[in-house]
Structure formats: structure tokens, C-alpha cells
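Subject: Structure handover

Hello,

Here is the structure for you to look through.

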Amino acid sequence: MSEIISIYNKWMLEEDYYPHLLPAYQQMVGDLAIKLGIGNLSGDDYVIDLGSGLGYTCSVIRNLNPKVKLIAVDPSAEMLAKLENCKELMVDGFINCPAEDLHNNLEIKPAVILSSFALHHIPHEEKQKTIKQLYNILAKNGRLGIGEISVNTLIPDEKERFEHLVDFFAYGAKYISKHTSVENGKKELEFMMQALNGETELFQLAEQWVGLFTDAGFAVTKPFFSEPSDLKYFNLVGTK
């Protein structure tokens, strides 16, 4: 494990988050970051962590490339403020806005936008427009990479997978409760459970995300899946 990852994980332990989730998450995001070629970027290039939270993806990006200009974007000012306290990650800038408004808050052309388990929060009717806006703000030959769960709805009869996902989302809700507010955590869990029970259209199949990327103008690679397989977590890369 690299020094920056070790330092970041120690910081997260002090933040009292769930340490057993960190290695798996960093492995999944690391696979995506490598596919995006982040390690080959120069010190003049910008990388955006879209939906940064407390910086798990930032830690992976810095592990691969200590020189690239790294911008953290998140709708939660509270999380960005805590991330700013982790000086070892050397985050170069912080933008407090949702993905849908990034095009109104950005003055540079990033080489890479990486978003892990965040874009599903965009309202379904706004997803296509948002992906197109991300396409437009990228530099020439820029790349957009996302990590998401490939599922429309999940019926409770699929007991093992359903319980795994509920546990996964419960951790996420506790994370939001701790670092923003209990009310926000409860809203997040309710939001996720409504989606899993088919009450709202939140998650989409990997093939549907491919369609959104293609319609926006991206050249798209085949989605690749990560372990654990029952989460159906996939990575997708589009090139401008």
C-alpha cells in the first residue's frame, strides 16, 4: 500500500468510518482510475472528483498521480470542509455544487472527470442533460469515468443480494449522518430503499448508462464489473 493511501486510511480511522470498506472501495475506484489513464497525466492537467464526499476517490487519484491538479466537487459543504482538513491529499480546489450545476461553476477544462457512486442521485429526467454538460466541459480528448450499481429495481425475493445492498446503503446513510446530519442520513436511506423496492427510478443498468454516454457524444468502452459481484458494481469510461 502506498504512503498516501496509508495516511488517508489512518485519517479515516480517526474519523471513525468503517475501515473494512476502504480497501474494497479503493480497489474498485483504482481499477477505474487506471482505465482513465490518470497516472499518465501531467502536472498541468486537471482531474475532478465529482461527488467527492470525504475523499476516498481523491486518495486513489493522489496515489496514482501526485502532480495532477485535483479538484473535489460535492453538494455537501460539510463534507468538503472535512476533506480540506486532510492536507496530505493535496487537493487543489473545492467546489460546492451538485453535478447538475458543475458547468456553471467551472472555469477550467478538466482532462478527466471521475465520479464513483454519485451520479445515480441525479433526477432521472436530468441525467441525459447532465452527461452532455459534462461532455462539453471536458478538454479535447477528455475522459469521463463513472462507477455505479447496475440495477433498475431489486425485488426483495432476491434475498441474499437484497440484504447485501441494504447493508451497503445503511453504511452510506450512517456515513452521511455522521458527517452532515442524522436527518440527511435518514433521507438518504429512505431514498435508496424506495429505489430498491421499485418505488422510484434511481439506478439503471450498465447498458442504459452506455446509452446516456453515447447520446452525449462519448466514445464508450465496454463496462467492466468489479467484485463483489452481487453488488453489480461496474465502471464505465467515455472519451470525448
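Residues are numbered from 1 along each chain as its sequence is written, and side-chain values use heavy atoms, with hydrogens and water left out.

Confidence

pLDDT is the predictor's confidence in each residue, from 0 to 100. The chain has a mean pLDDT of 80, with 70% of its residues at 70 or more. Over residues 152-156 the pLDDT is below 50, although this stretch has 17 contacts in the model beyond near neighbours in sequence (a contact means heavy atoms within 4.5 Å). Where pLDDT is low, the predicted coordinates should not be read in detail. Among the elements of the chain, strand S1 (residues 46-50) has the highest mean pLDDT, 98, and helix H1 (residues 3-14) the lowest, 52. Helices (H or I, at least four residues) and strands (E, at least two) are DSSP runs, numbered from the N terminus.

Strand S5

Start with strand S5, residues 143-149. Seven of its seven residues are buried, so S5 is largely enclosed by the rest of the structure. Buried means under 20% relative accessible area, exposed means over 50%, and partly exposed lies in between (1.4 Å probe, protein chains only). In a regular strand the side chains alternate between the two faces of the sheet. In S5 both faces are covered: Arg143, Gly145, Gly147 and Ile149 are buried on one side, and Leu144, Ile146 and Glu148 on the other.

Which strands pair with S5? Strand S4 (residues 112-116) runs parallel to S5 and is joined to it by five bridges; Ile113 has Leu144 as its bridge partner in S5. Strand S8 (residues 233-239) pairs with S5 in the antiparallel sense over seven bridges, and Gly147 has Asn235 as its partner in S8. Two strands count as paired if DSSP finds at least two bridges between them.

S4, helix H5 (residues 127-137) and S5 also form a right-handed β-α-β unit. Right-handed means that, with the strands pointing away from the viewer, the path from the first strand over the helix to the second runs clockwise.

Helix H3 (residues 56-64) is mostly covered, with seven of its nine residues buried. Among them are Cys58 and Arg62.

The structure holds two salt bridges, each being a side-chain nitrogen of Lys or Arg within 4 Å of a carboxyl oxygen of Asp or Glu. One joins Asp92 to Arg62, with the closest N and O atoms 3.0 Å apart. This pair links distant parts of the chain, 30 residues apart: Arg62 is in H3, and Asp92 is in the loop between helix H4 (77-84) and strand S3 (93-96). Arg62 is buried at 5% relative accessible area, whereas Asp92 is partly exposed at 49%.

The side chains of Glu126 and Lys129 form a salt bridge at 3.3 Å, N to O. Glu126 is partly exposed at 25%, and Lys129 is partly exposed at 47%.

Cysteines

How many disulfides does the structure hold? There are zero, a disulfide being a pair of cysteine sulfur atoms within 2.5 Å. The cysteine sulfur closest to that of Cys86 is in Cys58, 9.2 Å away, which is too far for a bond. Cys86 is buried at 3% relative accessible area, and Cys97 is buried at 5%.

Regards
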